[in-house]
Amino acid sequence: MSISVSQIRKDFPIFERTVRGGKSLVYLDSGATSQKPISVIEAESNFYKLHNAAAHRGAHQLAEEATDAYEGARQIVADFLAAPGGADEIIFTKSATESLNLLAYAMGNAPIGNRFALERGDRIVVTEMEHHANLVPWQQLASRTGADLAWFGITDEGRLDLSNIDEIITRNTKIVSLTHQSNVLGTINPLSEIITRAHEVGAIVILDACQSVPHMAVNVETLGIDFLAFSGHKSLGPTGVGILWGRKDLLDELPPFLYGGSMVRSVDMTGATWSAVPQKFEAGVPNMAQAVGLGEALTYLTQLGMDNVSAHEHALTGYLLEKMSFISDLTVVGPTKNLSRGGAISFTLGNIHPHDVGQYLDSQGVAVRTGHHCAWPLAKRMQVPATTRASLYIYNDESDCDVLIEAIQGASKYFGSR
Amino acid sequence: MPPNILGVVKMELDSLYQEVILDHYKHPQHKGLNSTFDAQVHHVNTSCGDEVTLNINLDGYCITSLSWDGQGCSISQASVSMMSDLLTGKTLEEAAFIVKNFIDLMGSKGTSIGDPLILEDAVAFAGVSKFPGRVKCALLGWMAYKDVAIQAQAKN
């Protein structure tokens, strides 16, 4: 089965509207956030309309229904990721950013003797292509604990440079945290060599999967990673919900991050003990409607088939990269070969600043993102102050790419001829 | 200017990218930092990476020179260029009045055309106020000026 974009677009109400004076919406900013199918919007809305109550609290029917809906969504996420330990390994957060911060703060709380405890001389490894959300929390953890931060560099093509892997992932490395797919370059990182080396030295591997889980089949067991974070809103789901997956034995040993209601087993005036995972990491009434919406989103993706999703995006990426190659003043920042890369394509256009390119594209109904895409060190490494990024998803087709290409040529003329 | 073949949207775009703005972008004024200065600031739009370094030279309360360097979009760079042109030779008091007028214009959401007697060519940025995402681009240099003026006065 392949994907029918015209069928899919009927599921997304946003495509019924126009932008900028009647232009059709060409939405190429799914790397920032995806649009939502009606089933997700209704699932979130129906939770409020029909079942709203505080999950895991309340002695009434609505509370039971809310709990069932919320825990049902947890099971859907577990199945989607093929979590070996099932739903107990899924923690709902408010965002992928919070998921990564949860790890960094929880590890910072680890007492001496705990496997996550860091001390001077230990090492945390990231890459030069990380989103700020998978860089700054580790910088801060390093500075709080005295651990040092090291990173893999990047080749000019935008691939990880693994030539010095043994010097980067040293014997004293405790954490290796990296992106699965770059939100700027589109690069899909090779994981097996890194994971093998990390585990050889006893380090845990954390995957920022924000740009991969929505776009390809991700099986945490097959990958062999230890933790994974992704965001709901990039995966057709609502904003305000993110996921942290971790291996059960690791989550058991990891100290809590947020303290409060529903994460405690017992409390007296001098102390407390913790609930089992996942409740240990879910203090406070959670974002239930959003979790339920995410469950519906992943169900939608499962019905399409993640292999179909990635095949569709791969074909479309190839189409767009080829079209772009004919625009002489356009430079793709990232791999130009459609190999181990996803549908986030960043580019520069002559010396026209990306904000100006983006503004012109917007006037043509084309929605893209411009700037450093929350990966400032990467922009510096690639020696560009900013880029324009088009990012593709299931509701895009070749005609969207054609409109983009025409608009890029229009921008060249608009800023060049005046 | 190319023929107006795209209708209303094109006119909206042209209201943003006035000729005089693109002129300043392509031929920036006062760009290149003075080696001596009374104060220097470096301002960055963290959300987009646009940046400007601004030097000020004062003679008493008179601005004898503003010089700058930077990188960014046409709006941010043209704005700092025009601001430097406009404020050079003014007193700090006059400059503060002009800056406040410009900031008010940027907050007008397209309802003001700006006062050319005060802002001169900088009224060209009136169209920017209709694009909320670009207001901070237009203000980058002006906020840098407010900062550098305070620092220079504190020092003198």
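**Entry 1**

I began with His373(A), which sits in the loop between β16 (369-371) and α13 (376-381) of chain A. The elements are DSSP runs numbered from the N terminus, helices being H or I of at least four residues and strands E of at least two. The model is predicted: local features need pLDDT of at least 70, side-chain atom pairs count only at pLDDT 80 or more, and totals for chains, interfaces and linings use all residues. Residues are numbered from 1 along each chain as its sequence is written, while chains are lettered from A and ligands numbered from 1 in the order in which they are written.

I looked up the backbone of His373(A) and found a positive phi of about 55 degrees, although the residue is not a glycine. His373(A) has 24 C-beta neighbours inside 10 Å and therefore counts as buried. The cut-offs, with C-beta atoms placed from the backbone, are 20 or more other C-beta atoms within 10 Å for buried, 12 or fewer for exposed, and in between for partly exposed.

I then turned to Ala82(A), in the loop between α3 (61-81) and β4 (90-93) of chain A. Ala82(A) is not a glycine, and its phi is positive at about 55 degrees. With 14 C-beta neighbours inside 10 Å, Ala82(A) counts as partly exposed.

**Entry 1: a cis peptide and a covered helix**

I noted a cis peptide bond between Val277(A) and Pro278(A), with omega about 0 degrees. Pro278(A) belongs to the loop between β12 (271-274) and α10 (288-304) of chain A.

How many residues of helix α12 (residues 354-363) of chain A are buried? I count 10 of its 10 residues as buried. Among them are His355(A), Asp356(A), Gln359(A) and Asp362(A). After α12(A) comes Gly365(A), with a positive phi near 85 degrees.

**Entry 2: helix pairs**

I describe the pairs by axes, which are lines fitted to C-alpha atoms, for helices over the stretch in contact, with angles from 0 to 180 degrees between N-to-C directions.

In chain A, the axes of helix α4 (residues 96-108) and helix α5 (residues 136-145) come within 9 Å and cross at roughly 10 degrees. That makes α4(A) roughly parallel to α5(A). Angles under 35 degrees count as roughly parallel, over 145 as roughly antiparallel, 65 to 115 as roughly perpendicular and the rest as oblique. The contact includes Leu100(A), Ala104(A) and Met107(A) of α4(A), and Trp138(A), Leu141(A) and Arg144(A) of α5(A). Residues are in contact if their C-beta atoms, placed from the backbone, lie within 7 Å.

In chain B, helix α4 (residues 92-106) and helix α6 (residues 132-155) pack at about 155 degrees, with axes 11 Å apart. That makes α4(B) roughly antiparallel to α6(B). Residues in this contact include Val99(B), Phe102(B) and Met106(B) from α4(B), and Leu139(B), Trp142(B) and Lys146(B) from α6(B).

For chain A I list 14 helices and 17 strands. Its radius of gyration is 22 Å, close to the 22 Å that the globule rule gives for 418 residues, so chain A is as compact as a globular protein of that length. The radius is taken over C-alpha atoms, and the rule is 2.2 Å times the number of residues to the power 0.38. Buried residues make up 50% of the 418 residues in chain A.

I found 17 residues of chain B in contact with 19 residues of chain A. On the chain B side, α1(B) gives the most, with 5 residues.

Key:
Two residues are in contact if their C-beta atoms, placed from the backbone, lie within 7 Å.
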